[in-house]
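Thanks for coming. I will take you through one structure, a piece at a time, so please have a look at it first.

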Amino acid sequence: MQPAISVTDLSKTYDSGFRALKNVDLEIQCGEIFALLGPNGAGKTTLISIICGLVNPTDGKVEVLGHDIIKDYRPARQSIGLVPQELTTEAFESVWDTVSFSRGLFGLPKDPDHIERVLRDLSLWEKRDSKIMELSGGMKRRVLIAKALSHEPDILFLDEPTAGVDVELRQAMWEVVRKLRDRGVTIILTTHYILEAEEMADRVGVINHGEIIVVQDKADLMRSLGRKQLRLQLQERIETVPSELDRFGLSLDEGGHVLVYDYDTQAERTGITALLTALSDAGLRFSDLDTKQSSLEDIFVSLVKDAS
Ligand SMILES: Nc1ncnc2c1ncn2[C@@H]1O[C@H](COP(=O)(O)OP(=O)(O)OP(=O)(O)O)[C@@H](O)[C@H]1O
């Protein structure tokens, strides 16, 4: 199947001489939710801006649904909706007019049925006659999404969709994005907010210092890099870990009440059976135990650390 986005050997050097992107290769499939994750200044916005035709690449090639973004920019641009980071909407216009006008910018004929569907999908229908300035922050953000969808794009870019948004609204936004994906829209979102990628994405790409350091199915990424922690609640607190347990690399937590063992879920042997035997030999008894899976956040931190 033709990819939604295909990026080949893409580099960007700004006029200042700063290399914001270095030989980036990336393919995004139709119908997926792809999260581009990276710390501040990693190059996320630069990459999105190039794909959307707002910034010129220095080198490399980008195709959107098979259309070269430079030679074939019209159909490429037509396929994309971009929801920018900043709230820039026309304060005095009504929701309906703003969204309809956006469609007109793409030279498309009026289609009130489509605009109605978009506004209903985003729970903005009741507010269609309200002025933008009368809306809450969350509603304004949804208006930006409605504008980006007004010309029926197949691909939607969301740049930091929930930056500065409260938890409840964030959940609502995620719901909206899932609904769009169910309608067949390919979604690419950038975020520093790891929970967002963990919740939403089918695949995750991590970018750091202008380089893509990993692109993987989210579940695979978590599985392959995920480590687990076994936490044993000791019946009696201990000062130090007995030396005969050195080979397990244990640490103490909660003032000596909890013994912590990190292990690799992919390893042939986790070492848990050997550990439990050794604990018993050392005369250590525990009253409870649980395990903790590392989050995408832990994985991200270790990836970015390894890459720098
Ligand atoms: N117009 C420009 N001229 C020179 N340097 C730029 C320009 N725009 C961005 N940069 C630099 O390129 C790097 C990448 O910026 P970019 O905005 O793509 O990062 P980002 O990953 O989107 O960051 P954030 O998460 O903070 O939005 C940064 O070091 C930034 O200072």
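**Ligand, helices, strands**

Let me start with the ligand. Helix H1, residues 44-51, gives the largest share of the shell around the ligand, with 3 residues. Keep in mind that this is a predicted model. The shell holds 13 residues, and those that come nearest to the ligand are Tyr-14, Ala-20, Lys-44, Thr-45 and Thr-46. What is the make-up of the shell by class? There are 8 polar residues, 4 nonpolar ones and 1 charged one.

Now to the helices, where I will follow H3. Helix H3 covers residues 95-105, and it packs with helix H5, residues 137-149, at an angle of about 35°. The axes of these two helices are 7 Å apart. The crossing of H3 past H5 is right-handed. On the H3 side the contact is made by Val-95, Thr-98, Val-99 and Ser-102, and on the H5 side by Val-143, Ala-146 and Lys-147. Sorted by class, this contact of H3 with H5 has 4 nonpolar, 2 polar and 1 charged residues.

H3 also packs with helix H4, residues 112-121, at an angle of about 125° and with the axes 11 Å apart. That angle makes H3 oblique to H4. Here, too, H3 passes in a right-handed crossing. Which residues make the contact? From H3 they are Val-95, Trp-96, Val-99, Ser-100 and Arg-103, and from H4 they are Ile-115, Val-118 and Leu-119. The contact of H3 with H4 divides into 6 nonpolar residues, 1 polar and 1 charged.

Next, the strands. An open sheet is formed by 4 strands in the order S2-S1-S4-S5, with antiparallel pairing. Why is one side of S2 and of S5 left without a neighbour in the sheet? Strand S2 (19-28) and strand S5 (67-68) stand at the edges, and each has a single partner strand. Strand S1, residues 5-13, is joined to S2 by 6 bridges, and the two run antiparallel.

Strand S9 takes in residues 203-208 and strand S10 residues 211-217; they run antiparallel and are joined by 6 bridges. Gly-205 stands opposite Val-215 in S10.

Definitions and conventions. Residues numbered from 1 in each chain as written. Predicted model: local features only at pLDDT ≥ 70, side-chain atom pairs only at ≥ 80, totals over all residues. Near = placed C-beta within 6 Å. Nonpolar A, V, L, I, M, F, W, Y, C, P; charged D, E, K, R; others polar. Axes fitted to C-alpha atoms, helices over the stretch in contact; angles between N-to-C directions. Left-handed = near helix turned anticlockwise from the far one by under 90°. Contact = placed C-beta atoms within 7 Å. Pairing = 2+ DSSP bridges. Parallel < 35°, antiparallel > 145°, perpendicular 65-115°, else oblique.
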